[in-house]
Structure formats: structure tokens, C-alpha cells
Amino acid sequence: MGNTVPDWQTFIRCNGGKLIIRHLKQGLAKNLEIPWPAKLTSIEFEKVSVSRADIQPLSQYKNSLDTVDLKCCEIEPGALSVLLSASSLRCLIIENCNVADSDFEWFGGTPKLEILDLTGNAQCSGAVTARAAGSPLRILRLNGTDFKDSDILMLLSFPTLETLTVSDTKVTGGALPQLAVNTALDVICGHDRAGMSLFRAAQRRNLKKKLSVDEASAKEAAQLLKDFYETSQKPTHDRSRFITSAYSDYCKNHGYSGLERRQKISAAESQTPPYRDYRVTDAEQITSKKFYIYSERDDLTLSQYRSLLVKTADGWKIDKNEWLSNGKWRFLPLK
């Protein structure tokens, strides 16, 4: 017989300046002998009881520490203040650790802080985020915190912000449009989908060029996209008439035809008819013969899409599809 497989309780790994400790059983890991390396760039603790004495050695890595990721940990009051001098910190994740505003009295952001995640800490308010003023935040996750409408305006002090998640907070749709001046910002607010729609509509208005809108043409282009969505629910119908030949050829050349229902279009293809839950929301005029028609999908994040509609000799046609990801419009194949 071979050797008995040990019943591991805690996974500990230190390699290349990255320290990972994960407790694999019920409860929390305590009184661990942590193998601190000569140089440390990242720590990741999960289900660990963290005292000030446990992480005091972090103070010696103030110039190299890039990432601190603590999930489902129990953190002794005052323990996080050891990070006060970590001026190189780029990513700070304190998730589901039952911390409060008082645990961040030391916090003042850093010149490099791009990611701040306080998910699941119900006693953390906007006061913590306000302390990060001056940091180049790109991603801010505040799900399940005490963040509220009165804290929203403060987020305009982070002009580089790309992703904001405020689900399960006190934030409402009445406050979100204040952030629409940041046209690159993607907001996720799962408890107020109507509010997200208001924010995105305001954001699109800020993006629009100062051109007079041809309402009749906009209506025609939007109707073409609606007809395409409707026809997509009927697998026996030909949808090629909705697409420009150039866009169709591009998709085919890249393995994404999408016009033949039974043709494989991606590894993630499902049996659900495409575009079933898409709805047209807005139109943006580019030229007299080009419009961006915006749509939303009724999924968990109210995903955003836009299609470029061009007027040809045969009427309006779809010439490009895109979806919004991390504040950027990205190519989306036909399906």
C-alpha cells in the first residue's frame, strides 16, 4: 500500500515573493508559523485569524508590497495599521472580514492604489473610500457595505475609475447619474436595475456628439435592430438580410458566422435562442447614414451592447456589434 494522504488543514505557499495561506477546513487557521520571504510583493490569506503580531513583519516590505488580499479572515482591531507605510500598495482587498471604519483610521490610499475591494463588510461606509482620495483607483468594489447615495459624489475625485460595484448597498438610482460624466465607468448595482439604466442613459448623453439627431432615421435604424432580435428567435428564418456583407464576411473569416442557427459560433454556445432578452434603449447619430443603436440585456449586470447601423442602397444594415467591458467597447461576434 502507498503512503496515507495527509488530511491537510491549511495550504501555505511562498514562492517568488508571493505568500498564500488558505485554511481548507471549517473555522479559522490560528497561530501559524508564517514563512516570511526576503522580498515580498503579494500576500493572500483566506480563513485565517490575523493578529497584529502575525502580520507585523509586513512593515519591512513597505517598498515592495504590491497586493494584500484578505478574504473571510478575522482581523484583530488595529492589525491593518501595519500597512501604513506600504507606499507601493496597488491592490487592497479586505473581503468578508467584518471590519469597520475604525479599522481604517490609518488608511490614506497610496500613490499606486488601483484596486480597493471592501466587499461584504457591512460596517464600512464611504468614509473609508474617501480616505483614498488622490489614489489612481480603477476598480472599486463596495458590495454589501454601508455605502450610500450621499457618498456617490465623492467618487468623482477618482477620474480614472473604470469599475464600480455597489450591489446590496443603500445606493439608489437617484444618485448614480451624478457619475455619468465619467463616460468610461461601468457600474454594477444589482439591487437597482432601473437606476443603472438611468445612469447609462445619462452616460450615453455625455458621449453623444453635438449633432442634430434625425429622429426618423434613428427610429428606422432602431427598428431594424429590433427586427433582427425578433427574427433571431425563429431558427428557420434567414437573418443575412440584416447584416452588411462586409461584416458578415469578417465574422465568417474569424469563425463566427452566427447567421446559420446550427453552426457552432463559440465554445459557450447554448440552446437558448440568441438575443431573446435584448432590448433597444437608445440611439446615437454618428453621421446622416450611421447610428449607434444601444441595447441592454436583462441579465445579472444588465449588460450593455451597441450595434453600428449603416444606411445602404438596400436600407439599414448592421455593420458591427460591440459589448461594454470594463469601460471599453469590445468586438462581439454575431450569434
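At 24% relative accessibility, Glu114 counts as partly exposed. This is a predicted model. Glu114 forms a salt bridge with Arg138, and the closest N and O atoms are 3.1 Å apart. Glu114 lies in the loop between strand E7 (91-95) and strand E8 (115-117), while Arg138 lies in the loop between helix H2 (126-130) and strand E9 (139-141), so the pair ties together parts that are 24 residues apart in sequence. Arg138 is partly exposed as well, with a relative accessible area of 26%.

## The chain overall

The protein chain has six helices and 16 strands. Its C-alpha atoms fill a box of roughly 75 × 60 × 30 Å along the principal axes. Of the 335 residues, 46% count as buried. The chain exposes about 17000 Å², and carbon and sulfur atoms supply 50% of that area.

Sequence separation can be read from the contacts. Among contacts with a separation of 6 or more, 48% come from residues 24 or more positions apart.

## The antiparallel sheet

Strands of a sheet pair through backbone hydrogen bonds, either parallel or antiparallel. Here, five strands form an open sheet in the order E12-E13-E14-E15-E16, with antiparallel pairing. Strand E12 (278-287) and strand E16 (328-331) stand at the edges. Each has a single partner strand, so one side of each is left without a neighbour in the sheet. From one strand to the next, the twist averages 35°.

Strand E13 (residues 290-297) and strand E14 (residues 304-312) run antiparallel and are joined by seven bridges. Within this pair, Lys290 stands opposite Val310 in E14.

## Helices on the sheet

Helix H4 (residues 193-207) packs on the sheet and touches E12, E13 and E14. The direction of H4 makes about 165° with that of E13. Helix H6 (residues 245-253) also packs on the sheet, touching strand E15 (315-325) and E16. The direction of H6 makes about 45° with that of E15.

Arg204 pairs with Asp282, with the closest N and O atoms 3.2 Å apart. Arg204 is in helix H4 and Asp282 in strand E12, so the pair links distant parts of the chain, 78 residues apart. Arg204 is buried, with a relative accessible area of 5%. Asp282 counts as buried too, at 18% relative accessibility.

## Ile293 in strand E13

Ile293 lies in strand E13. At 0% relative accessibility, Ile293 counts as buried. Leaving aside neighbours within four places in sequence, Ile293 contacts Ala218, Ala221, Ala222, Leu225, Val280, Asp282, Ala283, Tyr305, Arg306, Ser307 and Leu309.

Pro111 gives a reference point elsewhere in the chain. Ile293 and Pro111 are 182 residues apart in sequence and 39 Å apart in space, C-alpha to C-alpha.

## Parallel pairing at E3

Strand E3 pairs with two strands in the parallel sense. Strand E2 (residues 18-23) and strand E3 (residues 42-46) pair over five bridges. E3 and strand E5 (residues 67-71) also pair over five bridges.

Ser42 takes part in both pairings. Lys18 stands opposite Ser42 in E3. In E5, the bridge partner of Ser42 is Thr67.

## Other salt bridges

Side chains of opposite charge can pair when their charged atoms come close. The whole structure holds 16 salt bridges. Among the linked residues are Arg22, Glu44 and Glu46, which form a network of salt bridges.

Asp146 forms a salt bridge with Lys148, and the closest N and O atoms are 3.7 Å apart. Asp146 is partly exposed, with a relative accessible area of 21%. Lys148 counts as partly exposed at 29% relative accessibility.

## A nonpolar surface patch

Leu153, Leu156 and Val181 make a nonpolar surface patch of about 270 Å². Leu153 is found in the loop between helix H3 (149-152) and strand E10 (163-165). Leu153 is partly exposed, with a relative accessible area of 49%.

Definitions and conventions:
Residues are numbered from 1 along each chain as its sequence is written. This is a predicted model: local features need pLDDT of at least 70, side-chain atom pairs count only at pLDDT 80 or more; totals for chains, interfaces and linings use all residues. Side-chain values use heavy atoms; hydrogens and water are left out. Patches are made of residues with over 30% relative accessible area and no salt bridge: like charges are joined within 9 Å, nonpolar side chains (Val, Leu, Ile, Met, Phe, Trp, Tyr) within 5 Å. Accessible areas come from the Shrake-Rupley method with a 1.4 Å probe; for residues, only the protein chains shown count as cover. A salt bridge is a side-chain nitrogen of Lys or Arg within 4 Å of a carboxyl oxygen of Asp or Glu. Helices (H or I, at least four residues) and strands (E, at least two) are DSSP runs, numbered from the N terminus. Buried means under 20% relative accessible area, exposed over 50%, partly exposed in between (1.4 Å probe, protein chains only). Two strands pair if DSSP finds at least two bridges between them. Axes are lines fitted to C-alpha atoms, for helices over the stretch in contact, and angles run from 0 to 180 degrees between N-to-C directions. Contact means heavy atoms within 4.5 Å.
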